[in-house]
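The sequence and model are shown first.

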Amino acid sequence: MTLPTGWTLSEWQHAYGKAQLDPKTTLGELRDTLSADDPAWIHIVSQTELNAQIATLTSPSEQPLFGIPFVVKDNIDVAGLPTTAACPAYSYTAERDATTVARLKAAGAIVLAKTNLDQFATGLVGTRSPYGAVPNSFNPDYVSGGSSSGSAVAVARGLVPFSLGTDTAGSGRVPAGFNNIVGLKPTKGRFSIQGVVPACKSLDCVSVFALTVDDADTVASVLEGFDPADGYSRQPPHSARYWSNRPRFGVPDRHDWFGDSEAQRAWEASLKTLQADGVELVPMDFTPMQTLAQLLYGGPWVAERHAAIAEFMAEHAQEMNPVVRGIIEQAQNFSATDAYRAEYARADLARAIQTAMAEVDALLVPTAPRLPTIAQVEADPVGVNSQLGTWTNFVNLANCSALALPAGIRADGLPFGITLVAPAWQDRALTDFGRHWEAIAPWKRGATDLQSPAPTAPSKAPQDHVRLAVVGAHLSGMPLNHQLTERHARLVERTHTAPTYRLYALPDTIPPKPGLIRADEGASIIVELWDIPVDQFGSFVALVPAPLGIGTLTLDDGREVKGFICEGAAVKGAQDITELGGWRAFIESRS
């Protein structure tokens, strides 16, 4: 059989749903293609371990990730498998799955391997491992990015549709940018970090690599949720907020490309694409972001890295990667007093960043300012690594969410990526725009020759939203549309009702309003569908005056959504405007 290389989640799901694939055969053959000599892998599951997972599968209808393979960064526990954090002397066999792995397994996903990383997740290069440097999936002379190197490369090669990494300083974003894939870094606490070897525990996030935004978002929906076993787990304070159709992005007013002119050209091309699409780009002073970024490795947060492995280092320091050891040993240069002073500085800088971000929808940055060769990193391992964190190191310190997106292939054949950074709990706004970016700037799937499929609009409202059909004064550009936009409602699509409605112009209403009535003989009426946050829906309904109300409408494709309805008695004597097909046409006919 031909193995499904480069497939997306939906393609895997379709094949299983149609019984075109058998999990045991397909996954067994896929496992056999993984070579123990490949530096991307630290542990490949045995056939016995694989069969034990397959035995837990139920059916595609019950498990949304039924039989779909994935790989896991080897600082995240998988029950029964070794966790090394890329340090053999540190290795232990995990007794239980990390919460994120457990949730994916419960959804039917199958672990194929544990992947290589910069040791103890300390680095952005993918070279600091005794298991070998993981080469870039496009050109082996270049770095793959770290620390989640193996997880990113596995997805970029098309071996698995998604993988788990971690992200403290950019480890879930830089490898995505260097390998032409999506890197989703959630709001801290959205995904549990129980079962993760800490880097900086107060900043750590489990991250997702995927070939498409749809796939990253689907996996995120499985991973998210409060975990009482994780002291840093959080619940969102409100429903998701979305951006307008013409968002404003803050971009750095100054750049240092460290000699990488190809990265600069790719960035400028990305900005032109966004501007042509109507995005407003706002130059901003990133000094607070860069000052905050310096605290991560130049301040006492290196002591938090030491706290994670202090007992191990006391006995095994000489068995560590010398670059990683040298970084973590800097912990001895900081006192508890230094830590508190740095935390005060972090809070002040984070507040300044959040204040600046309130003027835009998100920040837009290059994922990394350069893509170095492995030789360049070996010549200056600390300096080059620091350059790669220019636009990533501040994000968790500032309590932000982020999404790394492919942004084209450079003239030298290497990938370039951009990253959107938004306030905490704006994760869904990021993926919502990410789908739009994928539509206007489509990419190949990682390093494969397959084109990414067109992103799909969600067929129903997110869990914390209500899908509402509006027919009159709340339409885009109409007098009452602000009642939706000020409640962070998002326009999803323009469509029609089923052909069982009549539309009337109600008399003596200010501003003018229509009445929509279900009828035996009617027509399809133009409506707009808006997703409004559940926690804002009640205040919106309270503004709806009699004789109007909110009921259930049937659309022309059979879907049922909430929408404006009218009391039957109110349309007696009202002008029947059904033949015009919609309220906007009536308003235009009057003018």
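Both faces of strand β6 are covered: F162, L164 and T166 on one side, and S163 and G165 on the other, are all buried. Buried here means under 20% relative accessible area, with exposed over 50% and partly exposed in between, using a 1.4 Å probe and protein chains only. The strand spans residues 162–166, and five of its five residues are buried, so β6 is largely enclosed by the rest of the structure. Helices (H or I, at least four residues) and strands (E, at least two) are DSSP runs, numbered from the N terminus.

The model is predicted: local features need pLDDT of at least 70 and side-chain atom pairs count only at pLDDT 80 or more, while totals for chains, interfaces and linings use all residues. Residues are numbered from 1 along each chain as its sequence is written, and side-chain values use heavy atoms, with hydrogens and water left out.

**Strand partners**

Two strands pair if DSSP finds at least two bridges between them. Strand β2 (residues 69–73) runs parallel to β6, with three bridges, and F70 has F162 as its bridge partner in β6. Strand β8 (residues 206–210) is antiparallel to β6 and joined to it by five bridges; there, S207 is the bridge partner of G165.

**Aromatic contacts**

The structure holds 15 aromatic pairs. Rings of Phe, Tyr and Trp (its six-membered ring) pair if their centres lie within 6.5 Å; planes under 30 degrees apart count as stacked, over 60 as edge-to-face and the rest as tilted. Two edge-to-face pairs are listed here.

| Pair | Centre to centre | Angle between planes |
|---|---|---|
| F249 and F433 | 5.0 Å | 90 degrees |
| F286 and W391 | 5.6 Å | 85 degrees |

F249 lies in strand β9 (residues 248–252) and F433 in helix α16 (residues 427–440), so this pair ties together parts that are 184 residues apart in sequence. Both F249 and F433 are buried. F286 and W391 are buried too. F286 lies in the loop between β10 and α9, and W391 in the loop between α14 and α15, so their pair ties together parts 105 residues apart in sequence.

Elsewhere, W7, W12, Y16 and F66 form one aromatic cluster.

**Cysteines**

How many disulfides does a search of the whole structure find? It finds zero, a disulfide being a pair of cysteine sulfur atoms within 2.5 Å. The sulfur of C205 is 11 Å from the closest cysteine sulfur, in C400, which is too far for a bond. C205 counts as buried, at 2% relative accessibility, and C566 counts as buried at 11%.
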